[in-house]
Amino acid sequence: MDTGLHDAFYNMALDEAIAVARSRSLVPDTLRFFRWEPSAVSIGYFQGMDEEVDTNACDKRGIGYVRRRTGGGAVYHDRDGELTYSMFLIQSHRLVSADFQESYGTLCSGIVNGLRLLGVQAEFKPINDIVVGGRKVSGNAQTRGLNVVHQHGTILLKVDPMLMFAVLKVPNEKIRDKMIKSVEERVTSLRAVLGRDVGFDELKSALLRGFEASFGIRLAPGVLTEFEAQKAEELKAEKYSRREWNYRR
Amino acid sequence: MGKAQIKVEGGKLVKVQLESEGDRIREVRITGDFFLHPEEMIDDLEKTLKGSKLDEDALADCVKAFIKKHEAVLLGVAPGDFAKCIVMAGESSG
């Protein structure tokens, strides 16, 4: 399913809501696509908000910020430059291994496959990245709980390192330019690889086919259940929009 | 307060903020872009480390024992990286 454009708090709340719904067998294994409006920064579970994010710059620009339920690094989710996905599998699913590293490889293979259908020579790079010619085009993160494996990740359609570093903290101003350069060397996007703009619909349909082929499954369109929608609002209000959560580290 | 960070080769980043009392940990905060499962174990780990001696081998053993006891999984960093970073933070605070 595609849940469209939402703010950072809701997006992360809905991820947890779907995981809860899956754990209670209220919904089947699920693949969700979504985007961020306004653009936002998400930080990993173990990161410090003030260590990673220039929240003043975010506030000035109307950019959101939120802590994820997964580990990993800080990510700038541009409204128009990035597609995010989440997948939810019951832990006993044949695609899930007890070994996290192995599961990353298996679950990311759907994305790798989808990107190859677009003509992008993508490869999985442990621990949790997908790269093209050594440059990262997708970052992924997994969590497990309540007997559900939840993996979410991003695919970059276009990238603006200057904006990225306008909202992420840099150790000091002197190295800002250097860091922007280093991101230009380490990160790429579908636009940079293919030399053309890839639309969201085109990317989603390639990814769907990639997942189906890699996993040997058939995906069916779905909509949010009332439980998920309600749980998401509840988790947004009581967790993801709260300072206690976002600034807990 | 002492601070240190380590980028693990081929792995993730660990940052430590430390308040020490003599050669012991009073408070420690471990942040970074690593993975620990289940995630909420990080709070227990930090509590467990309180009062420990700032000795790299002993701290690494403590983290290892914690992970084993709780059947936790650490990805992108090793217990020894936490230990090393904590000791570095201790040294940075003088």
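Modeller: In chain B, 56% of the contacts between residues at least 6 apart in sequence join residues at least 24 apart; two residues are in contact if their C-beta atoms, placed from the backbone, lie within 7 Å. The model is predicted, so local features need pLDDT of at least 70 and side-chain atom pairs count only at pLDDT 80 or more, whereas totals for chains, interfaces and linings use all residues. Residues are numbered from 1 along each chain as its sequence is written, and chains are lettered from A and ligands numbered from 1 in the order in which they are written.

Chain B has three helices and five strands, in the order β-β-β-β-α-α-β-α from the N terminus. Its radius of gyration is 12 Å, close to the 12 Å of the globule rule for 94 residues, so chain B is as compact as a globular protein of that length. Helices (H or I, at least four residues) and strands (E, at least two) are DSSP runs, numbered from the N terminus; the radius is taken over C-alpha atoms, and the rule is 2.2 Å times the number of residues to the power 0.38. The C-alpha trace of chain B spans about 30 × 25 × 20 Å along its principal axes. Of the 94 residues in chain B, 36% are buried (20 or more other C-beta atoms within 10 Å of the residue's own; 12 or fewer is exposed, in between partly exposed; C-beta atoms are placed from the backbone).

Next, the helix packing. Helix 2 (residues 56-69) and helix 3 (residues 79-92) of chain B pack at about 140°, with axes 8 Å apart. That angle makes helix 2 of chain B oblique to helix 3 of chain B. Axes are lines fitted to C-alpha atoms, for helices over the stretch in contact, and angles run from 0 to 180 degrees between N-to-C directions; under 35 degrees is roughly parallel, over 145 roughly antiparallel, 65 to 115 roughly perpendicular, the rest oblique. Helix 2 of chain B contributes residues including Leu59(B), Val63(B) and Ile67(B), and helix 3 of chain B residues including Phe82(B), Ile86(B) and Val87(B).

Two backbone details remain. A cis peptide bond, omega about -5°, joins His37(B) and Pro38(B); Pro38(B) sits in the loop between strand 4 (35-37) and helix 1 (41-49) of chain B. Glu71(B), not a glycine, has a positive phi near 50°. Glu71(B) lies in the loop between helix 2 and strand 5 (73-75) of chain B and counts as exposed, with 9 C-beta neighbours inside 10 Å.
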